[in-house]
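Notebook open, model loaded. I'm jotting down what I look up as I go.

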Amino acid sequence: MRIDIVTIFPEFFGVLDISLLGKARQSGMIELGVHNLRDFTHDRHRTVDDTPYGGGAGMVMKPEPWGEAFDEILDDEALVIFPSPAGERFTQATARELSEEKHLVFGCGRYEGIDQRVIDHTRGRARVREISLGDYVLNGGEVAVMAMIEAVGRLIPGVVGNPASLTEESHEDGLLEYPSYTKPSGWRGLDVPDVLTSGNHGAIAAWRHEQQLERTRRVRPDLLGD
Ligand code: 6GU
């Protein structure tokens, strides 16, 4: 998969050099391009924003640098994603869909947003999705894109070593994860549940499923449709 990011804070994405995603890049499974939006300006101050038409607080990102950046980056396979608190909600299902793409292009907005014509014009030459992480406001798309890339990257075949660790996880089956334990079996007066040391695999599976249901009912009843 190829991933391009357009941002005024390219340094933000330095952490993608490390950890699982860093390894995926070294092995060539993920190709990453981070582009500074200011490199597509032509004035001495490298201006990327201006005051909003109609008035109001804050600044709006100017369309021209975005147009030039996308002229250079987009191809026939690109899916363009604009992180935005006004977008559709990002879920594990979204991450799965994105992991099947060949080319993701993230356009990170700052200030009060990007001139709407950038999104409208981009829809004329590529598939576009506006995606939100959740119902809260971040200062810009950078941190959101980092989260999306981590969620998507680990679903690309070969990026996570053990594929089973992908399916036995919160949200993959619509339920929250069951609690995990390791040695020692007793620690500070707390014991590992007996069933886990019983060797009875059927009982263990049943216990884990019950734990998933209990936890989901308690903290995320919305996932059960209740
Ligand atoms: Cl994707 N962007 C911003 N700026 N704020 C958010 C968000 C995205 N998702 C939740 N809040």
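What is the mean pLDDT of the protein chain? I found a mean of 94, with 98% of the residues at 70 or more; pLDDT is the predictor's confidence in each residue, from 0 to 100. The scores I noted for the model are ipTM 0.95 and pTM 0.93.

Housekeeping: this is a predicted model, where local features need pLDDT of at least 70, side-chain atom pairs count only at pLDDT 80 or more, and totals for chains, interfaces and linings use all residues. Residues are numbered from 1 along each chain as its sequence is written.

**Sheet.** I looked up the strands next (DSSP runs of E, at least two residues; helices are runs of H or I, at least four, and both are numbered from the N terminus). An open sheet is formed by 5 strands in the order S2-S1-S6-S5-S7, with parallel pairing. Two strands pair if DSSP finds at least two bridges between them. S2 (31–36) and S7 (127–132) are the edge strands, each pairing on one side only. I then checked S1 (residues 2–7) and S6 (residues 103–107): they run parallel, joined by 5 bridges. Val6 sits opposite Gly107 in S6.

**Helices.** I turned to H2 (residues 63–73) and H4 (residues 116–123), which pack at about 25° with axes 9 Å apart. Axes are lines fitted to C-alpha atoms, for helices over the stretch in contact, and angles run from 0 to 180 degrees between N-to-C directions. H2 and H4 are therefore roughly parallel (angles under 35 degrees count as that). Pro63, Trp66, Gly67 and Phe70 of H2 meet Arg117, Val118, His121 and Thr122 of H4; contact means C-beta atoms, placed from the backbone, within 7 Å.

Key: Angles under 35 degrees count as roughly parallel, over 145 as roughly antiparallel, 65 to 115 as roughly perpendicular and the rest as oblique. Two residues are in contact if their C-beta atoms, placed from the backbone, lie within 7 Å.
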